[in-house]
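Welcome! Please take a moment to look over the sequence and the model shown here, and then read on for a short tour.

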Amino acid sequence: MERSGDSVFHVLSGISPLRIMAVIIRWRGNIQTRSRKFERASQLYSRAIGYYGRSARTYFRRGVARVRMSDFEGAIDDLSQAIIINPRFEDAYYVRGDAFFQAGRFENAMIDLEKVLTLNPGYADALFSRG
């Protein structure tokens with residue numbers, strides 16, 4: 001009989017230690033984000049990206065933290081990287097659209113909102129934001 005710990009080990013055995021470290025650090029960043037400590041969260045997400053730079057979710061989370069710190073250009077860069085890694089990441093388009101809007105780049109914001117609605121026509125926040 002296989003114990004649940006054995007199955008977890010089996011799953012993790014196929015993942016590189018650097019990627020596991022990146023996930024752990026990203027979780028720590030998520031805790032900082034929930035505590036509204038966006039600067040520290042951004043630092044942790046940067047560390048996670050240093051361990052594993054192919055995670056759309058980590059770039060997304062750092063982009064969200066940067067929006068909260070009013071670093072809109074940094075957020076746009078991170079969210080664009082998340083989209084490069086995962087072109088169907090609708091939340092990344094939505095938050096990048098918000099960052100574009102906050103940065104005064106309204107045409108880009110509308111393009112991203114339209115992309116969200118192309119990917120998911122029922123995305124309520126995008127429908128509301130688009131007007």
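Predicted model: local features only at pLDDT ≥ 70, side-chain atom pairs only at ≥ 80, totals over all residues.

Residues are numbered from 1 along each chain as its sequence is written, and side-chain values use heavy atoms, with hydrogens and water left out.

**The overall fold**

The protein chain has 8 helices and 0 strands, where helices (H or I, at least four residues) and strands (E, at least two) are DSSP runs numbered from the N terminus. Along the sequence, the pattern reads α-α-α-α-α-α-α-α. Of the 131 residues in the protein chain, 39% are buried; buried means under 20% relative accessible area, exposed over 50%, and partly exposed in between, with a 1.4 Å probe and protein chains only. Among contacts in the protein chain with a separation of 6 or more, 43% are between residues 24 or more positions apart. Contact here means heavy atoms within 4.5 Å.

**Two helix pairs**

Axes are lines fitted to C-alpha atoms, for helices over the stretch in contact, and angles run from 0 to 180 degrees between N-to-C directions.

| Helix pair | Angle | Axis distance |
|---|---|---|
| H2 (residues 17-34) and H4 (residues 56-68) | about 25° | 11 Å |
| H5 (residues 72-85) and H6 | roughly 155° | within 9 Å |

H2 is roughly parallel to H4, and H5 is roughly antiparallel to H6. Angles under 35 degrees count as roughly parallel, over 145 as roughly antiparallel, 65 to 115 as roughly perpendicular and the rest as oblique. The crossing of H2 and H4 is left-handed, meaning that the near helix is turned anticlockwise from the far one by less than a right angle (clockwise would be right-handed). The crossing of H5 and H6 is left-handed too.

Which residues touch? Arg26, Asn30 and Thr33 of H2 meet Arg57, Thr58 and Arg61 of H4. This contact has no nonpolar, 3 polar and 3 charged residues. Ala, Val, Leu, Ile, Met, Phe, Trp, Tyr, Cys and Pro count as nonpolar, Asp, Glu, Lys and Arg as charged, and the others, Gly among them, as polar. The contact of H5 with H6 has 11 nonpolar, 2 polar and 1 charged residues, including Phe72 and Leu79 of H5 and Val95 and Ala99 of H6.

**A closer look at phenylalanine 72**

Phenylalanine 72 lies in helix H5 and counts as buried at 17% relative accessibility. Beyond its neighbours within four places in sequence, phenylalanine 72 is in contact with Val67, Ala99, Gln102 and Ala103.

**Aromatic pairs**

How many aromatic pairs does a search of the whole structure find? There are 3. Rings of Phe, Tyr and Trp (its six-membered ring) pair if their centres lie within 6.5 Å; planes under 30 degrees apart count as stacked, over 60 as edge-to-face and the rest as tilted.

The rings of tyrosine 94 and tyrosine 123 have centres 5.4 Å apart and planes at 35°, so this pair is tilted. Because tyrosine 94 lies in helix H6 (residues 90-102) and tyrosine 123 in the loop between helix H7 (106-119) and helix H8 (124-130), the pair ties together parts 29 residues apart in sequence. Tyrosine 123 is buried, at 12% relative accessibility.

Phenylalanine 101 and phenylalanine 106 form an edge-to-face pair, 5.1 Å centre to centre with 65° between the planes. Phenylalanine 101 is partly exposed at 46% relative accessible area, and phenylalanine 106 is partly exposed at 48%.
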